[in-house]
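Open the model in your viewer and keep the selection tool ready. Each stop below tells you what to select next and what is there.

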Amino acid sequence: MLFVTIDRKSSVSLTQQIYDQIRKSILNRDLEEGERLASSRGLSAAIGVSRNVVLEAYERLIAEGYLEVRSKSGTFVAKGSFLPAKGKTSEYEKVMPNVADRKPIIDFRGSHPAMDQFPRKKWGQLTRDICYEAPDHIFGYAEPGGIRELRVTLAKYLQRVRSVHCHPEQIMITTGATQALRLITEMLIKARTGISVEDPVTDEMRNIFFSAGAGIIPVPVDENGIIPECLPKEEGTGFVFVIPSHQFPMGGILSIQRRVQLIQYARELNNYIVEDDYDSEFTYEGAPVPSIQGLDPERVIYVGTFSKILSPALRMGFVVLPTHLIETFRRLKWFHDRHTSSIDQLVLSRFIEEGYLDRHIRKMRRIYRKRREVLETAVRASFKNAKIIGRAAGMHLVVDIPDIDFDDALAGEIEKQGVRIYPVEHFAMNKGRHTHQVVMGYGSLTPEQILQGVTQLKKFLSTRG
Ligand SMILES: Cc1ncc(COP(=O)(O)O)c(C=O)c1O
């Protein structure tokens, strides 16, 4: 059944309005295949427009195949011109979460930065300046490893703040650390070669390695990070993946003795250490520990990201490579996506060079320290026997509550109360060692949300007895 309504105040022409409504009715199956349409004369009289307007709309729909004319019978909806029936869930709706249906939730997700603190004004100004002033070549295809300005700036920055030793040529700009890790795995792994990975670790990292063809060898961590004595002794493993500055999720900082042991191990087995330095700028007790890369730049592949310091939306990461791996990585990067956005690279380079990054980090360190204190205090006040695990750094901590078994089922129950927490067991490959522990991130939550979240958590857990 066809209903057409006309809006005479609209800037859209009358013909277009009729065309749009009939087309939509056919695609939604409000008009069925083979259904007869009102005559142009009948429709024009019903909606109060001239017949020519209706004829014009019909002719367009006939030309595009939505309608067909049968001689002496009229105009009909053509065969095969509809989408799946209205009411059925489309493939798109099945895979895309319905954002409107989501209940507000206090999400203690680890490593999520404070989105409300992104330096929008300065980033916007720099982007505008670059669009007006940058030379034309910036708007063309660029070097796969990244634009020179950013690599030079980064080399100086990394030397100053992380004791990373490198020439700008050793730096490859990537679309997030995620892409860097994917390409490193592709570069170093032959069919299902095992790589040593800290256990527990984020499932995202595991998935990156596995999908790039690696087998995963879990190596346990304690409060000081990965335990080198537990590394596999045989040759043939691709690399050791470590997060030495603030292990995720357990929060350990790898001691210098273990760093040295790792390098000796890599030298003996002729493989590499891949160092993920994703949130080391945020340390709240003492100074950040320098990178492992600085100890042996030919054995350590250093991976960094601006997702935590600035925003994951930028998709800006990088890798610092031993010199003999530069060319292979460069080629792989080209095949993946040619290069990361040069305009954003230039903005980032100016942002660092003109001192805004240092300022932003100082500000964020104060904000995150405060959020961490609020969380620690609230947890200790609410759960008398709770222990906080991990060094005061980054954007998350681990809480150990001896009389509670945290698992995905309990996390699901807690989520129904409007709070999302992350059991450490979820991240563990060898199960059973972290049953009482839960990851709580505070980066993207205000102090008020943190307090509300802990209160709700306590209320729910105490009702379980
Ligand atoms: C351990 C770790 N490293 C790095 C990243 C950053 O990845 P990306 O730079 O692709 O956003 C994440 C993301 O959450 C992470 O958990």
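Select β12, β13, β16 and β15: these four strands form an open sheet in that order, with antiparallel pairing. Strands here are DSSP runs of E of at least two residues, helices are DSSP runs of H or I of at least four, and both are numbered from the N terminus. Two strands pair if DSSP finds at least two bridges between them. The strands at the edges are β12 (387-389) and β15 (422-423), each of which pairs on one side only.

The model is predicted, with local features needing pLDDT of at least 70 and side-chain atom pairs counting only at pLDDT 80 or more, while totals for chains, interfaces and linings use all residues. Residues are numbered from 1 along each chain as its sequence is written, and side-chain values use heavy atoms, leaving out hydrogens and water.

Stay in this sheet and select β13 (residues 396-400) with β16 (residues 437-441). Five bridges pair these strands in the antiparallel sense. Within the pair, D400 stands opposite Q437 of β16.

Next, select the eight-stranded sheet. Its order is β4-β11-β10-β9-β8-β5-β6-β7; the sheet is open and its pairing is mixed. Here the edge strands are β4 (171-174) and β7 (225-226), and each pairs on one side only. Strands of a sheet pair through backbone hydrogen bonds, either parallel or antiparallel. Inside this sheet, pick β5 (residues 194-199) and β6 (residues 215-222), which run parallel and are joined by six bridges. I195 stands opposite I216 in β6.

Now turn to the helices. Two packed helices are described by the angle between their axes and the distance between the axes. Axes are lines fitted to C-alpha atoms, for helices over the stretch in contact, and angles run from 0 to 180 degrees between N-to-C directions.

Select α12 (residues 356-382) and α15 (residues 447-463). Their axes come within 9 Å and cross at roughly 20°. The helices α12 and α15 are therefore roughly parallel (angles under 35 degrees count as roughly parallel, over 145 as roughly antiparallel, 65 to 115 as roughly perpendicular and the rest as oblique). To see the contact (heavy atoms within 4.5 Å), show R371, V374, L375, A378, V379 and S382 of α12 with P447, I450, L451, V454 and K458 of α15. By class, this contact of α12 with α15 has eight nonpolar, one polar and two charged residues. Ala, Val, Leu, Ile, Met, Phe, Trp, Tyr, Cys and Pro count as nonpolar, Asp, Glu, Lys and Arg as charged, and the others, Gly among them, as polar.

At what angle do α11 and α12 pack? The angle is about 75°, with the axes 5 Å apart, so α11 and α12 are roughly perpendicular to each other. R350, F351 and I352 of α11 meet Y356, L357 and H360 of α12 in this contact.

Then select α5 (residues 120-133) with α11 (residues 342-353), which pack at about 120° with their axes 9 Å apart. The two helices α5 and α11 are therefore oblique to each other. The contact residues on α5 are K122, W123, L126, T127 and I130; those on α11 include I343, D344 and L346.

Finally, colour by domain. The assignment, from an automatic or database source, gives domain 1 (1-94), domain 2 (106-115 + 360-463) and domain 3 (118-358).
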